[in-house]
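Try each one before reading its solution.

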Amino acid sequence: SDGWDRTSQLTSLSMLLLDPYYRTLNGFTVLVDKEWCAFGHMFSKRNAGSAGPKQSSPIFLQWIDAVWQIFRQIPAAFEFNNSFLEIVAERAYCPYTYSTFDADCEQMRKASLLQHDRPSAWNDLLLDPTYKNSNYDPAITAVIHPLAGVANLRIWIGHARRWSLRPSRNVALPKSIPMNSNAEHCTAQPPGKPPRKHALPGLVPEPPPPPVAPAPPIPQDYIAAADYSPKAPLCWAPLVAQADAESVAVPPPKPKPPTPPPMPQHQPLSLSERKFYSYDELKSPGPFPADVDLSERELHLNDEAFESVFGCNKEAWASIPKWKKDKRKQELLLF
């Protein structure tokens, strides 16, 4: 990002929360013109995709959706309504109709106006009273603190279904729609639910399902299994004579394998048990004397040879971390 995307989103959204002027109709248009258009947001590349799909991204639409999320929580703080945000989100993707969201910067926008005289996106919106919020309260001038958790977010249905051909379930159809003669079957509902009030026009109902045949009777030579699980479906097993059940031989349980003896643990040699050898006898690749502790070969050096090889005594060597000891012993071929 070159500063034209997330910067405009954050600054304009912060100003909307802080200043009540930008929550009015005139203030909102000033906010978009100042923080988006004049700041240099690339509407042509981001919305229309003039530079290819790699640079197109709904940056401005994300911001409009964030404004709608705040409006949904505190609608009385905004002078405009939901329809106003929907039409602004729509006109942002019409650069060849309105000059407000045309081109990628202010200079290109002015050059385009010299060739194509396009109206502003705000002229008719500011004069139309249908875009004003009837519940607007100008007394709300405090800073807005919306709930930003994921559980408080909702899908913007008004924008998502703006051009949907499928009617909403909440919209009642007019009573003049001709009803089918078999519409009673279309409005049939399961017991406990109210019937539907309307049917879609031209809907041909499906024939009623055939009656379900009754289940066959349980044979007398079958009984329920005595050891079935209550959570599992009921299973049926043939009746077995008591004599046959007793004749079934149960295989004896398999003997458990013997437990292996515990592995002998390595016990480090004490100072009195260690024998001292020269450095040439202890360094790799060997062979080494039989009584040498291979994990601590350096301790089989006497004190004088130890200080000449490692540069410190054995007491100081004991306080060094193990990884440093291993690295030093690898360098001296004693690892």
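**Exercise 1: the aromatic cluster**

Task: find which residues form one aromatic cluster.

Solution. Phe28, Trp36, Phe60, Trp63, Phe71, Phe78, Phe80, Phe84 and Tyr131 make up one aromatic cluster. Rings of Phe, Tyr and Trp (its six-membered ring) pair if their centres lie within 6.5 Å; planes under 30 degrees apart are stacked, over 60 edge-to-face and the rest tilted.

A note before going on: this is a predicted model, where local features need pLDDT of at least 70 and side-chain atom pairs pLDDT 80 or more, while totals for chains, interfaces and linings use all residues. Residues are numbered from 1 along each chain as its sequence is written, and side-chain values use heavy atoms, without hydrogens and water.

**Exercise 2: two helices**

Task: describe how helix 2 (residues 25-37) and helix 4 meet.

Solution. Start with the axes (lines fitted to C-alpha atoms over the stretch in contact, with angles from 0 to 180 degrees between N-to-C directions): they come within 14 Å and cross at roughly 145 degrees. Next, list the contact (heavy atoms within 4.5 Å): Phe28, Leu31, Val32 and Trp36 of helix 2 meet Ile59, Phe60, Trp63, Ile64 and Val67 of helix 4.

**Exercise 3: Glu79**

Task: locate Glu79 and find what its side chain reaches.

Solution. Glu79 sits in the loop between helix 4 (59-73) and helix 5 (82-91); helices are DSSP runs (H or I, at least four residues), numbered from the N terminus. Its side chain reaches the backbone nitrogen of Leu25 at 3.0 Å. Beyond neighbours within four places in sequence, Glu79 also touches residues including Tyr131 and Tyr136.

Terms used:
Polar contact = N/O pair within 3.5 Å; in protein donor to acceptor, adjacent residues only side chain to side chain.
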